[in-house]
Amino acid sequence: MKVIKIDKKEWTGGIDKSREKYLLFGPVKDKDVTNKEHYIFKKLAAGEFPVMEGVDTVLSPKSVIFPQTEKILKSSLDQSQPDHHIMKRVENDYSSRAVIGIRSFDAKALTLVNLNFDTKDYQDPYWCDAYKATTFVGLAVNKPSDVDFSTSMGSGPFGEEGLDVLLVDNGEEFLAKVITDKGKTFLDAAGFNKTADESAVKKIEDLKAQAEKTIADKAKVGTDNLKNKTVLDLYEAPFWDDIAFSCINCGTCTFVCPTCWCFDIQDETKGKSCTRFKNWDSCMFPLFTLHGSGHNPRGVKTQRVRQRFMHKLKYFLDKYDKGTMCVGCGRCVQSCPVNIDIREVCNIMNNYEPKK
Amino acid sequence: MDSLTQKIREIASNILKEGRVDMVIGFAKGTIPMTTKPYMARTPEQVENFIWDKNCTLNLANYITGRKEKIGIIAKGCDSRNIVNHIVENKISRDQLYIIGVPCSGMADKHNPDELRDNCATCTHRNPVIFDVMAAEPVEEQKIDDPFADVKAVEAMDKDAKWSYFEGLLQNCIRCYACRNACPLCYCPTCFVDESGPQWVGKGQNKTDIQTFHFLRAFHCAGRCTDCGACEAACPMDIHVRAFTRKLNKDSLELFGWEAGLDITKRPPLDTFNPDDPNDFIK
Amino acid sequence: MANLFEHIGMEKERLQFSWISSAEAGKFTNVATEVANTIEALGPIDKFVKKTD
């Protein structure tokens with residue numbers, strides 16, 4: 001596999017050059033009016049560069065492909081118009097874009113969401129168009145955070161799934177592993193074309209082994225038995241009430257999650273125009289499954305908490321046989337107000353033996 | 001082990017053994033540094049999981065709403081005030097509760113463990129106002145010269161500056177509703193933002209809809225908020241949501257001489273009529 | 001509520017309260033005119049208005 005060497009002094013120049021052909025997205029520091037700082041993924045304005053120090057963002061970059069609120073259809077309510085009340089697709093910009101500095105686990109997460117939105121029978125046009133238009137330029141994680149357990153979940157700090165390029169920070173330079181043609185096209189557009197020598201591959205492997213060891217040294221999350229458990233045994237297991245006790249049923253875990261794909265459809269009208277939106281929804285909200293009849297099949301919080309973990313760690317695994325629907329980014333562990341830790345829940349599920 | 005943690009476990013274990021309560025609600029150690037999780041012990045063995053430290057930032061009164069069992073609950077100053085609110089608002093009865101009071105010297109800021117969190121720095125009710133037993137001797141209450149200096153700073157701004165301040169505060173809100181759900185006051189079966197027939201508020205990331213949620217949620221807390229800070233402890237985006245409720249707390253104090261949750265025999269001011277109520281606003 | 005209105009930078013005069021009996025027609029017209037005049041003087045509201053595009 002080809003490795004390109006990028007001198008950090010040439011980085012900003014190359015990024016600027018790539019803007020001629022790509023809309024860029026990346027992590028930037030945001031400061032609110034009370035001076036609280038966060039890193040967020042956003043579209044980069046001219047002159048704005050992604051932070052490449054391996055920062056953790058509260059939210060995942062899924063919003064680049066799947067915005068929290070997305071306008072999808074519109075229609076006119078003006079009966080004098082021939083096409084009144086006919087919903088038409090909103091014209092969105094799907095020109096080439098690149099996400100710079102996305103983590104390996106986030107790129108992997110998007111491939112999992114893709115399984116849901118791009119199937120043989122149905123293709124969500126909004127997702128598919130955005131996903132196809134995007135080049136993913138990943139940044140390997142040299143120093144994994146304390147909550148990173150991606151190696152247990154089929155990804156890893158240097159994982160390549162879903163990425164087009166993987167950048168590895170090597171002091172004065174980035175070593176760019178070219179994974180797809182799409183990735184090569186981006187690097188060409190940025191003018192990054194100095195092939196690294198043989199030692200680069202070895203260097204990347206060393207850094208990778210080091211990063212993976214950092215994660216492995218911490219508690220391991222077991223997923224090996226999940227596949228052989230029966231759904232009903234786990235569903236009816238006695239531990240759900242205890243896990244759910246502290247849950248306040250907010251949407252934090254699902255909104256920070258890179259693989260949560262559920263959405264809700266809302267229509268809004270103003271005057272004679274109507275717009276249909278797609279909004280992120282959360283299985284933690286009671287409204288999520290409320291039927292028109294007033295009946296709610298997941299009316300109490302234990303059922304909702306169980307749904308979240310069962311979907312991620314069991315239903316998805318059974319349906320697609322592509323591992324769990326958790327990539328181990330640790331964002332929900334970090335952000336949950338009541339410290340419900342998916343690593344613990346996963347281990348409990350993985351080790352559960354029903355009483356015969 | 002910390003003597004307060006020891007004492008809490010001892011009391012909790014005793015009341016479970018004696019059958020005075022069916023469960024005790026407290027805090028257990030979290031899985032990452034500087035966190036705790038609300039925890040319910042049903043057996044004397046489980047009380048060994050209880051801890052007490054500077055990170056018990058949530059409000060446990062949130063976990064007793066509408067419960068039917070006999071409950072032991074560990075309460076710092078603000079939790080106890082919200083328990084009073086719950087009793088006054090008929091969300092639980094006093095006889096159901098066995099309150100283990102914990103004098104509190106303030107919780108740590110979630111990003112700077114060496115500093116007090118904002119609301120604890122201006123707290124004047126560190127000792128529980130209602131309890132069945134205290135886990136330690138009361139601590140000295142803070143004397144705060146100007147508890148509402150932050151609110152006054154906003155009041156001094158001109159109207160456009162105020163508006164851009166509030167717009168700026170809410171620009172990162174993701175509508176996860178953690179602030180609302182962590183709040184012991186927010187127990188409505190269906191919140192106005194979740195109501196779908198009629199739908200009062202748009203559900204997308206429209207800034208006016210987000211502002212409407214925060215503005216009205218705050219107003220629903222008028223005369224009830226104890227400034228416990230659970231909303232900010234819960235917010236994943238670190239939004240200063242107390243900026244709204246603090247103003248209402250200041251108004252409650254100035255207009256009605258009222259601080260919420262101090263006395264189970266008194267109705268909150270917006271719940272009662274008094275001929276002396278300020279009425280300058282009515283023409 | 002008017003105070004909270006003012007606190008976020010809205011004009012407090014946009015929210016007015018009055019106690020009028022059904023027998024007080026004169027007071028009703030006076031208050032209505034006064035409210036209308038105050039709001040007109042303030043001009044169109046530019047804050048807290050949902051904009052769609």
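## Where chain C meets chain B

Between chain C and chain B, 8 residue pairs are in polar contact, with both residues at pLDDT 80 or more. A polar contact here is a pair of N or O atoms within 3.5 Å; within protein, one must be able to donate a hydrogen and the other to accept it, and residues adjacent in sequence count only if both atoms are side-chain atoms. The elements giving two or more residues to the side of chain C that touches chain B are α1 (2-7) and α2 (25-42) of chain C. The largest share of that side, 5 residues, comes from α1(C). By class, the side of chain C that touches chain B holds 9 nonpolar, 5 polar and 7 charged residues. In this sorting, Ala, Val, Leu, Ile, Met, Phe, Trp, Tyr, Cys and Pro are nonpolar, Asp, Glu, Lys and Arg are charged, and the others, Gly among them, are polar.

A word on what you are looking at: this is a predicted model, in which local features need pLDDT of at least 70 and side-chain atom pairs count only at pLDDT 80 or more, while totals for chains, interfaces and linings use all residues. Residues are numbered from 1 along each chain as its sequence is written, chains are lettered from A and ligands numbered from 1 in the order in which they are written, and side-chain values use heavy atoms, with hydrogens and water left out.

In this interface, 21 residues of chain C are in contact (heavy atoms within 4.5 Å) with 26 residues of chain B. Chain C and chain B bury about 2200 Å² between them, and 67% of it lies on carbon and sulfur atoms. Buried area is the accessible area (1.4 Å probe) that two parts lose on being put together, summed over both. On the chain C side, C:Leu4, C:His7 and C:Phe48 lose the most area to chain B, together 34% of what that side buries.

## Salt bridges

A salt bridge needs a side-chain nitrogen of Lys or Arg within 4 Å of a carboxyl oxygen of Asp or Glu. The count over all chains comes to 52. Across the interface of chain C and chain B there are 3, including the one that joins C:Lys47 to B:Asp160 at 2.9 Å, N to O.

Within chain A, A:Lys229 and A:Glu353 meet in a salt bridge at 3.4 Å, N to O. This pair links distant parts of the chain, 124 residues apart: A:Lys229 sits in the loop between α6 (199-216) and α7 (231-235), and A:Glu353 in the segment after α12 of chain A.

## Where chain A meets chain B

Here 37 residues of chain A are in contact with 39 residues of chain B. The area buried between chain A and chain B is about 3100 Å², with carbon and sulfur atoms giving 58%. The count between these chains is 1 salt bridge: B:Lys37 pairs with A:Glu344, the closest N and O atoms being 3.7 Å apart. By class, the side of chain A that touches chain B has 14 nonpolar, 13 polar and 10 charged residues.

## Two helices of chain A

Helix α3 (residues 104-117) and helix α4 (residues 125-132) of chain A have axes that come within 10 Å and cross at roughly 140 degrees. From α3(A), the contact uses A:Leu110, A:Thr111, A:Val113, A:Asn114 and A:Phe117, and from α4(A), A:Trp127, A:Cys128 and A:Tyr131. These residues divide into 6 nonpolar, 2 polar and no charged.

Axes are lines fitted to C-alpha atoms, for helices over the stretch in contact, with angles from 0 to 180 degrees between N-to-C directions. Helices (H or I, at least four residues) and strands (E, at least two) are DSSP runs, numbered from the N terminus.
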